[in-house]
Amino acid sequence: MFRLPLLVLVSLAIAFGAGTWSTRVALRATSGFGALRLGPWQAFPDLQSAAADPYAKAHRANDGRLLLGRAEGLVFTAATDSDGRELRGDCRYEISGTTPAARFWTLRITDADDRPLLARAGLPSSLDAWQAVRRDDGSFAVQVGARAKAGNWLAMHEPGPVRFVLTLIDTPTAGATGLSLTDMPAITLEGCADA
């Protein structure tokens, strides 16, 4: 007597659970289509625009963060170095080169879930265009790691995967095509704590 309603209830629970799980996995897997890739750096110019695909809109709604519009700027994220190795918080890196044309830029470190990694009190956890020490040719080099370095240095002490986030404010890059890899800084692994 209760067998049929019980089977229907179990089937609905499985379908609802599997649907919810697969939606969560899809939202975590991508920020949408139309990625702009320059070396290890990746950005989604259409993420905040009306042209965003349904996955990007769902990701934006799920994330609950305010994003830059296409005319305001562009956020590039790197999860690997220039050789394709995953970025880790217990390693040392050099981020060097130039950025695409922008009125202002910032560089910061986040964990794998895009939460900002804050350095210990008094240590730098981010860098911007006004603070960066530049070479004669306009390029820069930023050391990232646990030990302080002269020049541009960001403190990073957290073990596990990290991401570097380069935000370009008021840049024509969002609408540009044909950008070369030399327009973005290279990320070079200098060593790890376990090596």
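I started with Arg-115, which forms a salt bridge with Asp-113; their closest N and O atoms are 3.6 Å apart. This is a predicted model. Arg-115 is partly exposed, with a relative accessible area of 49%. Asp-113 comes out at 55% and counts as exposed.

Next I took Asp-114. Its side chain meets that of Arg-163 in a salt bridge, 3.1 Å from N to O. This pair links distant parts of the chain: Asp-114 sits in the loop between E5 and E6, Arg-163 in strand E9, 49 residues apart. I find Asp-114 partly exposed at 26%. Arg-163 is partly exposed too, at 25%.

Then I checked for shared partners. Within it, Arg-85 and Asp-83 meet at 3.2 Å, N to O. I noted Arg-85 as partly exposed, at 39% relative accessibility. Asp-83 is exposed, at 61%. My count for the structure is seven salt bridges.

**Asp-128**

I looked for a salt bridge here and found none, although Asp-128 is buried. The nearest side chain of opposite charge is Arg-134, 8.1 Å away. What does the side chain of Asp-128 reach instead? It reaches the backbone nitrogen of Trp-130, at 2.9 Å. Asp-128 belongs to strand E6, residues 126–128. Leaving aside neighbours within four places in sequence, I list its contacts as Phe-104, Trp-105 and Thr-106.

**Aromatic pairs**

I count three aromatic pairs. I wrote up two of them. Tyr-93 and Phe-164 are edge-to-face, with centres 5.7 Å apart and 85° between the planes. Tyr-93 lies in strand E4 and Phe-164 in strand E9, so this pair ties together parts 71 residues apart in sequence. Both residues are buried.

Trp-105 and Phe-140 have ring centres 5.0 Å apart and planes at 25°, so I logged this pair as stacked. Trp-105 is in strand E5 and Phe-140 in strand E7, so the pair ties together parts 35 residues apart in sequence. Trp-105 is buried, at 2% relative accessible area. Phe-140 also counts as buried, at 2%. Trp-105 is also one of the contacts of Asp-128.

**Phe-76**

Last entry. I place Phe-76 in strand E3, residues 73–78. Is Phe-76 buried or exposed? It is buried, with a relative accessible area of 0%. I also checked Phe-76 against Pro-40: they are 36 residues apart in sequence and 9.4 Å apart in space, C-alpha to C-alpha.

Conventions
Residues are numbered from 1 along each chain as its sequence is written. This is a predicted model: local features need pLDDT of at least 70, side-chain atom pairs count only at pLDDT 80 or more; totals for chains, interfaces and linings use all residues. Side-chain values use heavy atoms; hydrogens and water are left out. Helices (H or I, at least four residues) and strands (E, at least two) are DSSP runs, numbered from the N terminus. Buried means under 20% relative accessible area, exposed over 50%, partly exposed in between (1.4 Å probe, protein chains only). Lys and Arg count as positive and Asp and Glu as negative; His and the chain ends are not counted. A salt bridge is a side-chain nitrogen of Lys or Arg within 4 Å of a carboxyl oxygen of Asp or Glu. A polar contact is a pair of N or O atoms within 3.5 Å; within protein, one must be able to donate a hydrogen and the other to accept it, and residues adjacent in sequence count only if both atoms are side-chain atoms. Contact means heavy atoms within 4.5 Å. Rings of Phe, Tyr and Trp (its six-membered ring) pair if their centres lie within 6.5 Å; planes under 30 degrees apart count as stacked, over 60 as edge-to-face and the rest as tilted.
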